[in-house]
Amino acid sequence: MIRSALIVITCALVSLGAKAQLFEGARLIPGDGGPAIENAAFLVEKGRITQVGKRGEVNAPAAAPRVDLTGKTVMPTLISTHVHPGFQKGLSYSADNYTREVILNDLNLALYYGISVVMSQGIERGDLAIRIRDEQLAGKLGGALLLVAGRGIGATNAGPGAMAYRGIAYEVTTEEQIRQAVRSEATRKVNAIKIWVDDRGGRAPSLTPELSAAAADEAKKHKLRISAHVYYHRDAVGLAAAKVDSFAHLVRDAVMDEPLLVSVIRNRVFVMPNMGGAERNTHDKTPPWFDEPYLAGLLKDTVSPEVIERMKGLWSPRDPKVLEQTRRIYGNIHRNTSRLKDAGARVILGSDTGLPDHIFGYAEQRELELMHSAGMTTMEVIVAATSRSAQYLGLADSGSIAPGKRADFLVVDGNPLQDIRDTRRIARMFLNGVEVDRSEEHTSELQSRGLISYAVFCLK
């Protein structure tokens, strides 16, 4: 069991990733929607995949080690497009936790659950997250690669609502203010722009369609993607027309009508269902999925018993009216995910991870199951969580197992095409062709040597 203040995952030195290796015998799910290859083989050289085919059909250097994966399934690592690192430390959730140590712990948690890249969506204090990202890109830090949207933008008092997030968002009322906010974040070299659009439950004015469109226009001038926090159907109509790059949530007040679905498709908007946070509020007793062995096992590996008990405490008898409301909201999210899937929308993996007890990695693994429950096939879920999320983030060399791509892949037991929950049964993980050491023994050794604040990975 791996349970401590920080999860530590390390791998061999970068130089080891330069050796050619032939992996063979597994079922290979490429992640791009193509059919799985049974008894597959693929060659990794200098951290890249150079050949993919059937066993016996891939030409490998005579000296290349053979790695037998018979009986396993290989798939790309997961990519999560909506996270908020740095606020939860054990039972505490506050702005005081926003430190290098806590952010790195979240990134290592994500990695332990099979996630190689995360995008922080607009709740970043100062330059800390940007500095961590830059160190990762320079090969000095590990964990899941962190991409950042910097400070989000909204109307007055319309940014993220929890006390831990107060004072982070820009507050704007004019077109020049919102354009200047986008320019300021572009100067800081963020990876994307985040805007909050709705009235945050009535506590603030909504961001007007004109201001949203100005933000989208300014972001595109700086070649930055723009992600919009959305709640109401009426706002989503304007955002799709403004050609924002993504909805950071789905419409929750209604079922999306046909004209909006058409607009989302026509304007190539990516959509993040963010189902898990809403679904967990629909129960008044511990749901069966909480005790599913592989998910429960990963949770026990990575957080304290006290946190697990608090998570269980969420499910207690509740006000019937509140329960009815939460179930209605989740019902809309579920139906909208299904309608978007049927319409051919570009669904990607986004879980709003990092909210209280919405644990890094754990939330994403649960999200995959919920996406499947909304009618997405297992193959569609895998594509959404790998190659399409990579496409959204502009990671041209990630997200699939194909020649020229980074050798970032999972080796899992079972077959996720038959049961999506098998993505949790991680046997091995490779980044840039180098195996991640996820063992308890390795972690314990590093902890005894005081190496608990970061991991060294081949992220360049």
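**Close-up views of a predicted model**

**View 1. Helix H5 and its surroundings.** Helix H5 is followed by Lys243, whose phi is positive, near 60°; helices (H or I, at least four residues) and strands (E, at least two) are DSSP runs, numbered from the N terminus. The model is a predicted one, in which local features need pLDDT of at least 70 and side-chain atom pairs count only at pLDDT 80 or more, while totals for chains, interfaces and linings use all residues. Residues are numbered from 1 along each chain as its sequence is written, and side-chain values use heavy atoms, with hydrogens and water left out. Within H5 (residues 233-241), His233, Asp235, Ala236, Leu239 and Ala240 are buried, where buried means under 20% relative accessible area, exposed over 50%, and partly exposed in between (1.4 Å probe, protein chains only).

**View 2. The packing of helices H3 and H4.** Helix H3 (residues 175-187) packs with helix H4 (residues 209-221) at an angle of about 35°, their axes being 9 Å apart; axes are lines fitted to C-alpha atoms, for helices over the stretch in contact, and angles run from 0 to 180 degrees between N-to-C directions. The contact (heavy atoms within 4.5 Å) is made by Glu175, Ile178, Arg179, Val182 and Arg183 of H3, and by residues of H4 including Leu211, Ala214 and Asp217.

View 3. Strand S11 (residues 115-120) pairs with S12 over 4 bridges in the parallel sense, and Met119 stands opposite Leu147 in S12.

**View 4. Strand S4 and its antiparallel partners.** In strand S4 (residues 40-45), 5 of the 6 residues are buried, so S4 is largely enclosed by the rest of the structure. Strand S2 (residues 21-24) pairs with S4 in the antiparallel sense over 4 bridges, with Gln21 opposite Val44 in S4, whereas 6 bridges join S4 to the antiparallel strand S5 (residues 48-54). The hairpin of S4 and S5 has 2 residues between the strands, and Lys46 takes a positive phi near 55° there.

Conventions. Pairing = 2+ DSSP bridges.
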